[in-house]
Amino acid sequence: MNDQNQAQQTDYEELEALRKEVAELRNEEAAFKAQSQLLEKLASMGRSSKEGEVLKAALQTTLDVATTQTSSEKGSLFLLEPSGRVADAILSQEELVLEKRRNLIGNVLDKGLAGWVVRNRQIGLIIDTDQDDRWLTFPDQPYNVRSALAVPIIRGEELLGIITLLHSQPGHFTQEIANLMLLTADQMALVLENVRLYSKLEKYSQALDAELEKGRQIQIDFLPYELLQLPNWEIAACFHPARQVAGDFYDTFELPNNQIGLVIADVCDKGVGAALFMALMRSLVRVFSSETQLRGFASQILEENQPVNGWLCETTSINLAHLNALQAITRTNEYVAKNHWQMSMFATMFFGVLDPETGILTYINGGHESLFILNQSGIKKVMKSTGPAVGMMPGSKFKIEQVQMELGDILIGYTDGVTEGKSPEGKLFTDKRLHDVMNLPFSSACDLLTSIKSKLFDFMADAPQFDDITMLCVRRGCDGG
């Protein structure tokens, strides 16, 4: 080779290298644009609220990017499950009825180019469909295909999907185009993987919501279906859980000897665990309060359990009935502390036993927020805690108190979700705001609750509710009112 020929050869090699470099740069630029499109769409899809919309949008976007990138005329995309079954697909013939759609997918995966790609895990390039037996032409196919390119979308070892691109001219797809698709296949895999994960998460979330909704309904069923209707008494209550299920509860129920049980409680923590303990404690108090019978001489029992300020009620049978029922707090405490101490769950609980004939109310306040008796002048009596929270530790002692509800008096109990309700600025509703309302005159329990709720929810405005809000209100009315 003379010098001139050698120089020409060198120029040719340099030109060829430059051509390859330019082609690679073009491919990388095209791949970068495709990646940007995919990532942009992926972010926007995440804002969609419906699983079906996310899935379809992801598949269509992935196919659109591939079609644009390769100047294809048509294309299809199969989303595969780990088992190899087609989870979803976008076909060239979207108008197909379901049965024909299934047959088409089955045939191309069994005998067609897509099936070849599944089995070989590599790009399938058909320069001319007339010369390649991997291509299936269906009798009623409404368009002409002369070249095709099928790309496996692989993440790790898993085949996530297959994109098949079509063109009516032979030789449209080349090895260079195939290489271009390989550059963006990883990003397409990322999109499909995220879509599959999102679908799983969405299904799990829906299943969880369904279970929580069942729990919410069960919990509501634990609350009194209807509040007791007593002559000359009015009972009102409200319950607003912060989540679907809550640890707060209230209860009103009949006891032996025509006495009435009144409960308001707040199980520590929130959510499902608190709701389960709410159900447990509510049931224990109901059962124990009806079956307990103190043994011994009445005088001795009354002496040993005498309230701090003595017995206001002069009727021994009523005092004994109240004492019997209130043993439910001690028995519930022992049961929970000994059998469920590992869970560290307890409840602040007020349990009062009311004699509707006399207005005598005997109670235990196990670590709960103070309850109040109101009259037309405002707060008349504060009923503070008489013992620790229920279930906290075995052997806890609970003192008993007794009050007299006069005509027109209103008993109100609430959980800390009321005073700790937060405004959008993060400020608490506070005891002061609650007391300001309670010091107003009210002629009905319902009006009092409505007024408190109105003030509280106006204060909270659109701020999220962080804690359960529960209130129980009992008013002693005069005859006929």
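Visitor: Where is Leu201 placed?
Guide: In this predicted model, Leu201 belongs to helix α5, which covers residues 175-222.

Visitor: Is Leu201 buried or exposed?
Guide: Leu201 counts as exposed, because its relative accessibility is 53%, and the cut-off for that class is over 50%.

Visitor: Let us change topic. Where does Ser289 sit?
Guide: Ser289 is found in helix α6, residues 272-291.

Visitor: Buried or exposed, that Ser289?
Guide: Ser289 is buried, because its relative accessible area is 4%, and buried means under 20%.

Visitor: And what does the side chain of Ser289 reach?
Guide: The side chain of Ser289 reaches the backbone oxygen of Val285, at a distance of 2.7 Å.

Visitor: Which residues is Ser289 in contact with, leaving aside its neighbours within four places in sequence?
Guide: With those neighbours left aside, Ser289 is in contact with Phe253, Leu255, Leu284, Ala325, Ala328 and Phe351.

Visitor: Now the charged residues. How many salt bridges are there in the whole structure?
Guide: A search of the whole structure gives 10 salt bridges. In general, side chains of opposite charge can pair when their charged atoms come close.

Visitor: Which residue does Arg282 meet in a salt bridge?
Guide: Arg282 meets Asp251, with an N to O distance of 3.7 Å. Arg282 lies in helix α6 and Asp251 in strand β7 (residues 248-255), so this pair ties together parts that are 31 residues apart in sequence.

Visitor: Are Arg282 and Asp251 buried or exposed?
Guide: Both Arg282 and Asp251 are buried.

Visitor: What about Glu291: which residue is its salt bridge partner?
Guide: Glu291 forms a salt bridge with Arg331, and their closest N and O atoms are 3.3 Å apart. Because Glu291 is in helix α6 and Arg331 in helix α8 (residues 316-339), the pair ties together parts that are 40 residues apart in sequence. Glu291 is partly exposed, with a relative accessible area of 44%, and Arg331 is partly exposed as well, at 35%.

Visitor: And which residue pairs with Lys380?
Guide: Lys380 forms a salt bridge with Asp409, their closest N and O atoms being 2.6 Å apart. This pair links distant parts of the chain, 29 residues apart: Lys380 is in strand β12, and Asp409 is in the loop between β13 (401-404) and β14.

Visitor: How accessible are Lys380 and Asp409?
Guide: Lys380 counts as partly exposed at 38% relative accessibility, whereas Asp409 is buried, with a relative accessible area of 2%.

Visitor: Which residues are linked in a network of salt bridges?
Guide: Asp128, Asp130 and Arg146 are linked in such a network.

Visitor: Back to helices. Which residues of α10 are buried?
Guide: In helix α10 (residues 430-438), the buried residues are Leu434, Val437 and Met438. They lie on the same side of α10, because they cover an arc of only 100 degrees around the axis. In general, an α-helix has 3.6 residues a turn, so residues three or four places apart point the same way.

Visitor: What covers the buried residues of α10?
Guide: The cover includes β11 (371-375), β12 (378-383), β14 (410-414), α9 (416-419) and α11 (445-460).

Visitor: Which residues are buried in α4?
Guide: Helix α4 (residues 113-120) has Leu113, Ala114, Gly115 and Val117 buried. These buried residues pack against β1 (74-80), α3 (98-110), β3 (124-126), β4 (147-155) and β5 (158-167).

Visitor: What is the phi of Asn258, and where is Asn258 found?
Guide: Asn258 has a positive phi of about 60 degrees, although it is not a glycine. Asn258 is in the loop between β7 and β8 (259-267), and Asn258 is exposed, with a relative accessible area of 65%.

Visitor: And Ala461, what is its phi?
Guide: The phi of Ala461 is near 50 degrees, a positive value in a residue other than glycine. Ala461 lies in the loop between α11 and β15 (469-476).

Terms used:
Residues are numbered from 1 along each chain as its sequence is written. This is a predicted model: local features need pLDDT of at least 70, side-chain atom pairs count only at pLDDT 80 or more; totals for chains, interfaces and linings use all residues. Side-chain values use heavy atoms; hydrogens and water are left out. Helices (H or I, at least four residues) and strands (E, at least two) are DSSP runs, numbered from the N terminus. Buried means under 20% relative accessible area, exposed over 50%, partly exposed in between (1.4 Å probe, protein chains only). A polar contact is a pair of N or O atoms within 3.5 Å; within protein, one must be able to donate a hydrogen and the other to accept it, and residues adjacent in sequence count only if both atoms are side-chain atoms. Contact means heavy atoms within 4.5 Å. The arc is that of the directions from the helix axis to the C-beta atoms. A salt bridge is a side-chain nitrogen of Lys or Arg within 4 Å of a carboxyl oxygen of Asp or Glu.
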